[in-house]
Amino acid sequence: MPQIHVRQNSATYWTATFDHGPVNLMDPDTLYELDALVSRLETDPDVQVVVFDSANPDYFIAHWDMAADPQTVVGMATESSKRRGMHPYTDLFTRLSRLPVVTIASVRGRVRGAGSEFILACDIRFASRERAVLGQFEVGLGAVPGGGTTAWLPRLMGRGRALEVLLGADDFPGDLAERYGYVNRALPDGELDEFVDRFASRIAGFDKQAIVETKALVNRVDLPSDDEFVAALDGYFASFSRPGTQARAAALFELGVQQPGDGELRLGHHVAQFKGDAGAQR
């Protein structure tokens, strides 16, 4: 079954909805589907804006599937990643940020880790004030965030707040995420869909060349370099393989992480219960 359902509302305005299991984990198959979608968006002559949302109101993208074999991703190298000499994950996320299309994340539910990295690679982020929960929990496991948040967050919210998000490894509700610049705007949950649709429809009616050229000029000023993403992913792989990190991850699985329930809903709380030198909980 496909994980991403694409709807062409019109030739210029598409919607892509994540729908993968009980908590919308990102895994190698998600990357495979995203790569195919990004390739379509890179080459379609008409599309001007795409909205990414979720079929699950509790989880936009929970995070990367920690049970997935990292070598599976390496083995699915795409033509683009081979040509650019990049890991497929880094290749995909850097291409996403450079698309000649406006990308909008409409966030309802939890979006942490790889999910957070995905929405940060999008151009614009809107969130449900009541239901959005954002965060980067990797440091709580003893790992380094690997998908570019160390590059994006300082640019969006400044060094101090970025370090608060990354080193605190806690959850940020939609209204606080808005104040910090994590998202563009937080709206009442009942107004989110209508607002995003109206905004996307507005862009879809403009001239594509003007949109593409304007985005390219902004990217020249503020887009992180590929090297920043490569270094982050190298740091993630090195840190996630450490015994202490693996022990903490195992403890999270015992709490029910990656399944519906308290372990996943309050992940930011649970990672703070680990001792600094072991996977055991206080």
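Biologist: When do two strands pair, and which residue in β10 stands opposite Ser128?
Modeller: Two strands pair if DSSP finds at least two bridges between them. This model is predicted. Three bridges join β7 to strand β10, residues 185–187, and the two run parallel. In β10, the residue opposite Ser128 is Leu187.

Biologist: Which residue in β7 is the bridge partner of Ser106?
Modeller: Strand β5 covers residues 102–107. Four bridges join β5 to β7, and these strands run parallel. The partner of Ser106 in β7 is Phe126.

Biologist: How many residues of β7 are buried?
Modeller: Buried means under 20% relative accessible area. Ile124, Phe126 and Ser128 point one way from β7, and they are buried. Arg125 and Ala127 point the other way, and they are buried too. Of the five residues in strand β7, the number buried is five.

Biologist: What share of the 282 residues in the protein chain is buried?
Modeller: The protein chain holds 15 helices and ten strands. Its radius of gyration is 18 Å, close to the 19 Å from the globule rule for 282 residues, so the chain is as compact as a globular protein of that length. Of the 282 residues, the buried share is 53%.

Biologist: How far apart do the centres of the positive and negative side chains lie?
Modeller: Lys and Arg count as positive, Asp and Glu as negative. The protein chain has 28 positive and 39 negative side chains. The centres of these two sets are separated by 5 Å.

Terms used:
Residues are numbered from 1 along each chain as its sequence is written. This is a predicted model: local features need pLDDT of at least 70, side-chain atom pairs count only at pLDDT 80 or more; totals for chains, interfaces and linings use all residues. Side-chain values use heavy atoms; hydrogens and water are left out. The radius of gyration is taken over C-alpha atoms; the globule rule is 2.2 Å times the number of residues to the power 0.38. Buried means under 20% relative accessible area, exposed over 50%, partly exposed in between (1.4 Å probe, protein chains only). The place of a charge is taken as NZ of Lys, CZ of Arg, CG of Asp or CD of Glu.
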